[in-house]
Amino acid sequence: MHSRALRLAATLLLVLPGGAVAQQQRVEFEITASAPLNEAGVRQPVLRTPGLLRDSRWREAIENSFPLRLRLRVEIWRVRTDWFDSQERNFAFEVLIQYEPLTDEYSRTLIFGGSPREIRRFTTLVDLERSLERENVVNIRPADVGEYYFSGSLQIQVLTDDEMEELERFLQGEPTPRDRQDPGPSIGRSARRLLLRFGGLPYQELEARSERFEVRPPPP
């Protein structure tokens, strides 16, 4: 754990603002409108996160067993020519990405509504990256006629030491009492804390917006 933490710490120091690697980030966040679902032109938001694991910060974190949390929020906006655009609906969810050393597998966990809804496992980092590159359709749509667009945000961060422990208990269905006595830091946990203190937690927030589209009255 010491060697992995030190390698990741060196990477984090390089990608802090002003570092050389900070100019080479390639992670993106895209929102587009799907093909029309019916004759009225109703559409759904389609999300993509290309390049996430080509960014050295996030790839290095995963390879060193530091889970990543992706917080996504999608909004439906109605265009109004005589006033500010109005937000009609939004949907938020999380994606947890981690490497599991005991099984030598990578996992992607979809979480919304306060509980994990889908867990997918991958044998290689390449398979995980391909999964993240795919389009993901969010099942929300405008409810009325008008001109619309989709907007959203993506927050990417490495989990802190405490968050990692809570994540493990959460995924195992265990309670997370705050009054449980801490048995003391292990060597691995101490190395992580040292990393978080001196290397800093990498964090990135991206925003995106789709093209406009029109929802028409249903044909007679």
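I began with Phe112, which is partly exposed at a relative accessible area of 26% (buried is under 20%, exposed over 50%, partly exposed in between, with a 1.4 Å probe and protein chains only). I note that this is a predicted model, where local features need pLDDT of at least 70, side-chain atom pairs count only at pLDDT 80 or more, and totals for chains, interfaces and linings use all residues. Residues are numbered from 1 along each chain as its sequence is written, and side-chain values use heavy atoms, leaving out hydrogens and water.

Next I looked for ring partners. Phe91 and Phe112 have ring centres 5.7 Å apart and planes at 65°, so I logged the pair as edge-to-face (Phe, Tyr and Trp rings, the last by its six-membered ring, pair with centres within 6.5 Å; planes under 30 degrees apart are stacked, over 60 edge-to-face, the rest tilted). This pair links distant parts of the chain: Phe91 sits in strand β4 (residues 86-100) and Phe112 in strand β5 (residues 105-112), 21 residues apart (strands are DSSP runs of E, at least two residues, numbered from the N terminus).

I then checked Phe91 itself: partly exposed, at 26% relative accessibility. Phe93 turned out buried, at 13%. Ring pairs join Phe91, Phe93 and Phe112 into a cluster, and I counted seven aromatic pairs in the structure. The Phe91 and Phe93 rings have centres 5.7 Å apart and planes at 35°, so that pair is tilted.

Last, I looked for charges over rings. Arg117 lies over the face of Phe112, 4.3 Å from the ring centre (NZ of Lys or CZ of Arg must be within 6 Å of the centre and within 35 degrees of the ring normal). Arg209 lies over the face of Tyr149, at 3.8 Å from the ring centre.

Technical notes. Helix = DSSP H or I, 4+ residues; strand = E, 2+ residues; numbered from the N terminus.
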